[in-house]
Amino acid sequence: MNQRFLPLIATIIVFVVGYLFCALQFNHFATLRVVMNLLTDNAFIGIIAVGMTFVILSGGIDLSVGSIIAFTTVVLAVLIGSWHVNPWVAFAMVLVLGGAFGAGMGAIIHFFQLPPFIVTLSGMFLVRGLAFVISTESIPINHPLFAQLNDIVVVVPGGSHLTLIAMVMLVVLGIGTVLAHLTRFGTNVFALGGNRVSAQLMGVPIARTTISIYALSSLLAALSGIVFSLYTAAGYALAGTGVELDTIAAVVIGGTLLSGGAGHMLGSFLGVMIEGLIQTYISFDGTLSSWWTKIAIGVLLFMFIGLQRLLTVVWAAKASAPSRPASGKAAPADAAGPRPQRA
Amino acid sequence: MHLKKLMTTAALAALAIGAAAAAQAADKLTVGFVQIGAESGWRAAETKVSKQEADKRGIDLKISDAQQKQENEIKAIRSFIAQGVDAIFLAPVVATGWDPVLKEAKDAKIPVFLLDRNIETQDKSLYLTAVTSDAVLEGRTAGQWLAKQTNGKCNIVELQGTVGASVALDRQKGFVEGIAGHPDLKIIRTQSGDFTRAGGKQVMESFLKAENGGKNICAVYAHNDDMEIGAIQAIKEAGLKPGKDILTISIDGVPDIFKAMSEGEANASVELTPNMAGPAFDALIAYKKSGTAPPKWVQTETKLYLPDTATAEYTRRKDLY
């Protein structure tokens, strides 16, 4: 087992143990309905987490995603409700708008050599402000297509169902995983986050990759906005406040190194699920203040950052130690886990 | 692998325990309350009162605080559906966007009660009933009290709530209805104090200046207690005695107005009860027992409070807020 997967394994263990802990405490927790709820309720975060993973893998950050969700919902509500634009056309428009905005931010980050934090922070204010200028009220979207899309479900046993928005999230996750781990673009992103200078020397197209990363992140944020507008059937300028921070937390809990260069798409998804799990636990309990969600996420973040730091130090020590034969992959002795036993 | 086996065993154990526990708890009603947050004293009081009312009736109340976010409210509704609660109470943070999730509740045959605020929907069958106060009645009660108190002769100044807020419009409409039929009861000045103490004080100061230092004003009607408390301050600073030289009447029933009444500086307050859950619990129990659906709108009690009970009411309330 590659030790690079250690943070991901830690995330999987936290999720499984957390779920079992909840299931032991509450009836109805170990049901398909709870799993389906986790997927549906966190679909909009799951989608932006995919984009955010690319951004963080490349050593950047994107603070504008929450605002883009709000902006998208408001624009959709106005386009569809007041201007009577066909919803599909409106979806295409916001996706193009989102992608272009992200590409713009990526270009500014690359060509002006500015920190992504500042560029995306201004993007966040700009877009949120625009959303408020369009409307400060929550606007309902009553188009029949929205009801139809919300009715597209896969029925699962137990009276529950997999909703369309959950399916969208899973598809995005699948594409994101392939893109990150099996394509040239993904390799470039990892290289960029690992070491920018050596990536450049190796011939990674820095400009194109940077712009693509932020365009992708904003595009997915716009898609997440569409999902959010389906989720609430409304457009609201206050939607998605603080979602960017929840997403960054999810990506880091998912084992992606905040300084870039290491991580796994699946981990980010599990990070989102862990956050959802904590929220569900608190609703099931019904007596705890919901602000414990933030405390729990904070504690988890600390744990994972600590773990990352520890691993980085260990890796660095190993790398500088006199080279030993075999990096482990081929050597059977390295698989130190207990052998399967026959009962 | 060892680990895998262990996890499977644990998961199976969890399922078994879950099933056993589900079989046990059957007769006690469980209600999930999706609360907006704790943004105001009144909201916090509503949460506390809901807990007390649930305890009184032996109902298991689960509360989820949504931190003013709709997505959190939707998530909470879904987890309450997953838990199979007997009813969901919802204090909606915004009026729109509830149809998909309330449809899920309806499919799961869980009745939804709206507390304190209404929602915008084309399908009224998505909720069983809305328990809210009647803001027009509150205004009317205030107007009628003042008409009686002054024998139908008084120059009134009015401190309005936030411009365009439905509560403010309704409280104004009701008050005008309450004083109708008394030609000598006149609203001589009206302006918005934005529901805040500072706003109430500022507007009252300008009223006092404009009306001969307050000598022409016989009473001040405020759309909420906070503005009235600000106005009382302004009256005192102008050298007049609030509650005597200028009568006060306002709406909400927050602890500080009872304090002012017990000190003789305020005359009356119409309560907006934080007990929205009590009537909802009663409607739920009746619905579960006999299957009779409550009316689509359950109005909470509107009650006028006067200085004679102010001290007792203040001590009763100060821990709630």
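## An oblique helix pair in chain B

In this predicted model, helix 8 of chain B and helix 9 of chain B are oblique to each other, because their axes cross at roughly 40° and an angle is counted as roughly parallel when it is under 35 degrees and as roughly perpendicular from 65 to 115. Helix 8 of chain B covers residues 225-237 and helix 9 of chain B covers residues 255-262, and their axes come within 9 Å. The crossing of helix 8 of chain B with helix 9 of chain B is left-handed.

On the side of helix 8 of chain B, the contact is formed by B:Asp225, B:Glu228, B:Ile229 and B:Ile232, while helix 9 of chain B contributes B:Asp256, B:Ile257 and B:Ala260. Four of these contact residues are nonpolar and three are charged, with no polar residue among them.

## A roughly parallel pair in chain A

Helix 3 of chain A (residues 43-57) and helix 8 of chain A (residues 164-182) have axes that come within 8 Å and cross at roughly 15°, and the two helices are therefore roughly parallel to each other. Their crossing is left-handed.

Helix 3 of chain A brings A:Ala43, A:Gly46, A:Ile47, A:Val50, A:Thr53 and A:Phe54 to this contact, where they meet residues of helix 8 of chain A including A:Val168, A:Met169, A:Val172 and A:Gly176. The contact residues of the pair comprise eleven nonpolar and three polar ones, and no charged ones.

## Domains of chain B

Chain B is divided into domain 1, made of 27-133 + 274-290, and domain 2, made of 135-272 + 306-317. Taken over C-alpha atoms, the centres of domain 1 of chain B and domain 2 of chain B are separated by 33 Å.

Definitions and conventions. Residues are numbered from 1 along each chain as its sequence is written. Chains are lettered from A and ligands numbered from 1 in the order in which they are written. This is a predicted model: local features need pLDDT of at least 70, side-chain atom pairs count only at pLDDT 80 or more; totals for chains, interfaces and linings use all residues. Domain bounds come from an automatic or database domain assignment. Axes are lines fitted to C-alpha atoms, for helices over the stretch in contact, and angles run from 0 to 180 degrees between N-to-C directions. Helices (H or I, at least four residues) and strands (E, at least two) are DSSP runs, numbered from the N terminus. Angles under 35 degrees count as roughly parallel, over 145 as roughly antiparallel, 65 to 115 as roughly perpendicular and the rest as oblique. A crossing is left-handed if the near helix is turned anticlockwise from the far one by less than a right angle, and right-handed if clockwise. Two residues are in contact if their C-beta atoms, placed from the backbone, lie within 7 Å. Ala, Val, Leu, Ile, Met, Phe, Trp, Tyr, Cys and Pro count as nonpolar, Asp, Glu, Lys and Arg as charged, and the others, Gly among them, as polar.
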